[in-house]
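Biologist: I would like to learn how to read a structure like this one. Could we take a few features in turn?

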Amino acid sequence: MTVAFRPNIARMQGYQPGEQPQEGGFVKLNTNENPYPPSPRVRRAILAEAKDSLRLYPDPDATPLRRRAALTYGFDLSQVVAGNGSDDLLAMIARAFIGEKDALCCPVPTYTLYETLVRIQGGKLLGIPYPDDYSLPNALFRARAGVTMVANPNSPSGTAVPLEDLSRLADRVPGLLVVDEAYADFAEDNALSLARERENVIVLRTLSKSFSLAGMRIGLGFAHPRIIEGLNKVKDSYNMSRLGIAAGEAALSDLGWMERNAERIRKTRERLIAALPSVGFAPYPSRSNFVLARRKNGKSARPVYQELKERRILVRFFGTPRLSGCLRITVGTDGEIDALLAALRGIR
Ligand SMILES: Cc1ncc(COP(=O)(O)O)c(C=O)c1O
């Protein structure tokens, strides 16, 4: 007997994450991880937590982590939610706000998980193309969707829009505005003030990128207590492990460590951006820890992606019409970026 999935699940493709090769030896510049280790306080906190409390369930409210996040970013505890990565928070938002046939509006191309989550709910994605300069499209201000989502800085473009534009958007949208700030620590500006001031804005952060903790799965959401209360109703009861709570709290207690790494990455990013034209690629301006770059000869970037992979350098290639001429390159260490540039020189 074959089992029948809900029609929307049967029709949809699952989310396709970037490759995580099981063997070592790759220069891994494909999933926007941080090349530097997390604060030593994280390791100490994990070891202490693992010592004798793992037989007990974690705090369902992740209170120590949320308290530290509230203090760090200037919020009340009631304005903070924690998740198993910001992907978990995005899933909670979809569950709480998107019903069958409801629309989620976002400028595209962007993080493709948004579409997967909407489809799981039986809703539809209203994707409004970014103009070539990746400013917010005018039509986004006129769309009437229950949820509007903007990744800022955006992936895969790496570009950012000014806070004033997000503030205007928050005034216009008829429902929730989600500002996904996975890469905000590599940018100049952020929208946390909107989460404090507006009742219809939630700002999401992750510890996967700037805090070097992708493997731990720690995300944070900041919003009006009414939004947080609603999200708490739909979350898994123990959505964060004891190790995740302890690691997150320790990482936030050492902001200096994160900021020094973010600064190193910004410096390497500018060096990469300056060098890309000499190896045949035109970079988009980046405010994140990765750079989108378009082949200057107008051809598909697929063969370059494949050749790099043969040389054990992984970058991200998207086969969609708008992005097929581009590679998305995570900013690694200076040595990794030198290896990438040397390989690109050899491939042309
Ligand atoms: C825009 C954006 N949001 C969210 C995430 C997910 O982050 P996390 O590791 O916290 O689930 C990513 C990861 O690549 C991302 O690019």
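Biologist: Which residues does glycine 221 touch, not counting residues up to four places away in sequence?

Modeller: Bear in mind that this is a predicted model. Contacts are judged by whether C-beta atoms, placed from the backbone, lie within 7 Å. Glycine 221 touches Val81, Gly83, Leu89, Ile202, Leu204 and Leu231.

Biologist: Is glycine 221 buried or exposed?

Modeller: The general idea is to count neighbours: 20 or more other C-beta atoms within 10 Å make a residue buried. Glycine 221 has 27 of them within 10 Å, so it is buried. Its place is in strand S8.

Biologist: How far is glycine 221 from glutamate 310?

Modeller: Their C-alpha atoms are separated by 39 Å, and the two residues are 89 residues apart along the chain.

Biologist: In which sense do S6 and S7 pair?

Modeller: Parallel: strand S6 (residues 176-180) and strand S7 (residues 201-206) are joined over four bridges. To place one of them, take valine 179, whose bridge partner in S7 is valine 203.

Biologist: What is the order of strands in the three-stranded sheet?

Modeller: That open sheet has the order S9-S10-S12, with antiparallel pairing. Strand S9 (281-283) and strand S12 (326-330) are its edges, each pairing on one side only. From one strand to the next, the twist averages 35 degrees.

Biologist: How many residues lie between S9 and S10 in their hairpin?

Modeller: Six residues lie between them. S9 and S10 pair over three bridges, and alanine 282 has arginine 294 in S10 as its bridge partner. On to the next pair: S10 (residues 290-295) and S12 are antiparallel over five bridges. There, arginine 294 stands opposite cysteine 326 in S12, while alanine 293 has leucine 327 in S12 as its bridge partner.

Biologist: Which residues of helix H2 are buried?

Modeller: For a helix, look down the axis and see where the buried residues point. In H2 (residues 40-52) the buried residues are Val42, Ala45 and Glu49. Seen down the axis of H2, they fall within an arc of 70 degrees, so they line one face of the helix. The face turned away from that side carries exposed residues, among them Pro40, Arg44 and Lys51. What covers the buried residues of H2 includes helix H9 (242-252).

Biologist: Which residues come nearest to the ligand?

Modeller: With a ligand, list the residues around it, then sort them by kind. There are 13 around this one, and Gly85, Ser86, Asp87, Thr206 and Ser208 come nearest. The shell divides into four nonpolar, seven polar and two charged residues.

Definitions and conventions. Residues are numbered from 1 along each chain as its sequence is written. This is a predicted model: local features need pLDDT of at least 70, side-chain atom pairs count only at pLDDT 80 or more; totals for chains, interfaces and linings use all residues. A residue is near a molecule or strand if its C-beta atom, placed from the backbone, lies within 6 Å of it. Ala, Val, Leu, Ile, Met, Phe, Trp, Tyr, Cys and Pro count as nonpolar, Asp, Glu, Lys and Arg as charged, and the others, Gly among them, as polar. Two strands pair if DSSP finds at least two bridges between them. Helices (H or I, at least four residues) and strands (E, at least two) are DSSP runs, numbered from the N terminus. Axes are lines fitted to C-alpha atoms, for helices over the stretch in contact, and angles run from 0 to 180 degrees between N-to-C directions. A residue is buried if 20 or more other C-beta atoms lie within 10 Å of its own, exposed if 12 or fewer, and partly exposed in between; C-beta atoms are placed from the backbone. The arc is that of the directions from the helix axis to the C-beta atoms. Two residues are in contact if their C-beta atoms, placed from the backbone, lie within 7 Å.
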